[in-house]
Amino acid sequence: MTIWHPFTQEKTAAKPVEVLSGEGAYLTLSNREKYLDMVSSWWVNIHGHCNKEIAEAIYQQALTLEHVIFAGFTHSPAETLCFNLKKHLPALLTKFFFSDNGSTAVEVALKMAYQFFKNQKKERNVFINLEGAYHGDTLGAMSAAGNDSKYHSTFSEFFFQTFTIDFPENEEAEGLSLQKLRNFLETNKNKVCAMILEPLVQGAAGMRMYSPRFLEKISVEARNHGVLVIFDEIMTGFCRTGKMFSMDYIKFTPDILCVSKGITGGFLPLSLTITTDQIYQAFFSDDWKKAFIHGHSYTANPIACAAAVKSLEILERRETLNQIQMISETHKRLLSNIPNVFKQRSLGTISAFDVKNKEIAAQISQKMFKEHNIIVRPIENTVYLIPPYCISISDLERCYRALIKTLS
Ligand SMILES: *Cc1c(COP(=O)(O)O)cnc(C)c1O
């Protein structure tokens, strides 16, 4: 093997499956058969594969301006994207910083939060996270997720200091968890820089869900202690949870918002770290050292921005919103029919359930693939569905029938 694949134990993994093409919610594999993509190609695809309008926007942009340095230069795809996105954001989120993927959007958020205080001669180097967090695989993003991460503990000696909020399984636990956070903040508030959270759904933890009430309470608590609040909506953004952003379920605006994954409709890597004028002003100075000295070669790539502009336009359409509604309702209606599973949960276009162990989850995934031509990729003992929004109701129902058959 020449290629070393991501998130893969190369020795024990099955040979990677070759994909020939994609169309709508389907992928065609090397056996020429079509398979239903129920993981949206790692949660990025929202309008289906090879969407013609996005493909066309990419083609036109590539013929007009493929790329340009973004320091000292700007272009209309980037300007238009920010202008159009602003309409969907709380009024306070007005400053847009581009990067290339979810992890770098998080790195930017962490560095921004740290330097925000540093520029005001305050030294704050502790971050707060929520147990089970996942924020990406670069060093800062791994670090922000904390020492107990099931993915990254190999690197824990490099991690900066974090305080981890207990993940509450019920309302009573929420109170205890909040109290522990409050106690920590009261004794350490001048050391804490920011709290970072995946609002309402922790994707990589296995589509773990918690209440809007708890999200709002811990966010308010952090803010009341002068701690910045970062929402990592890399997975939850662009209507994954039924609303444009997860934060739309609560009355709270974070200081920093990270978005990526669905932003280009799943065509090209792109991300944004969006913040307030208050944060921006702490960098606005005659002193070059107070600037935010961060950037990537492909920052705000015009082709990726053009894809994102088109993707947002499609997302805003009534027919797309109807599809999202249909998926949400179908999840709610059919999830409880699956036998021999527990912790059934859904929010918007995401649904998930647990089985006894990861071996059973892996068997389910194999059966779905071999017997039903449906792609599901479990996380440990969790099986989840996260379809592209263009999926038909009959395909989604077929997927549930296949799960019911597999688990009976
Ligand atoms: C996927 C993900 C990331 C990392 O994004 P990449 O583009 O894979 O680097 C960060 N946070 C959350 C919540 C994610 O789901």
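In the protein, 71% of the contacts with a separation of 6 or more link residues 24 or more positions apart, a contact being heavy atoms within 4.5 Å. This is a predicted model, in which local features need pLDDT of at least 70 and side-chain atom pairs count only at pLDDT 80 or more, while totals for chains, interfaces and linings use all residues. Residues are numbered from 1 along each chain as its sequence is written, and side-chain values use heavy atoms, with hydrogens and water left out.

**The whole chain**

A cartoon display should be read against twelve helices and 16 strands, defined as DSSP runs numbered from the N terminus (helices H or I, at least four residues; strands E, at least two). Of the 408 residues, 53% are buried, that is, under 20% relative accessible area with a 1.4 Å probe and protein chains only.

**First stop: Thr 330**

Select helix H10, residues 318-334, and within it Thr 330. Thr 330 counts as buried because its relative accessibility is 2%. Its side chain reaches the backbone oxygen of Met 326 at 2.7 Å. Next, display Leu 335, Ile 393, Leu 396, Glu 397 and Tyr 400, which Thr 330 touches when residues up to four places away in sequence are not counted.

**Second stop: Leu 407**

Move to helix H12, residues 393-407, where Leu 407 is found. Leu 407 has a relative accessible area of 9% and is therefore buried. Beyond its neighbours within four places in sequence, Leu 407 is in contact with Ile 338, Pro 339, Asn 340, Val 341, Phe 353, Val 355 and Ile 364. For a distance across the model, select Lys 86 as well: Leu 407 and Lys 86 are 44 Å apart, C-alpha to C-alpha, and 321 residues apart in sequence.

Finally, select His 294 in the loop between helix H8 (277-281) and helix H9 (302-316). With a relative accessible area of 18%, His 294 is buried. Its side chain makes a polar contact of 2.9 Å with the side chain of Lys 111. Another polar contact, of 2.9 Å, joins the side chains of His 294 and His 296. A polar contact is a pair of N or O atoms within 3.5 Å; within protein, one must be able to donate a hydrogen and the other to accept it, and residues adjacent in sequence count only if both atoms are side-chain atoms.

Terms used:
Buried < 20%, exposed > 50% of the residue type's maximum accessible area, 1.4 Å probe, protein only.
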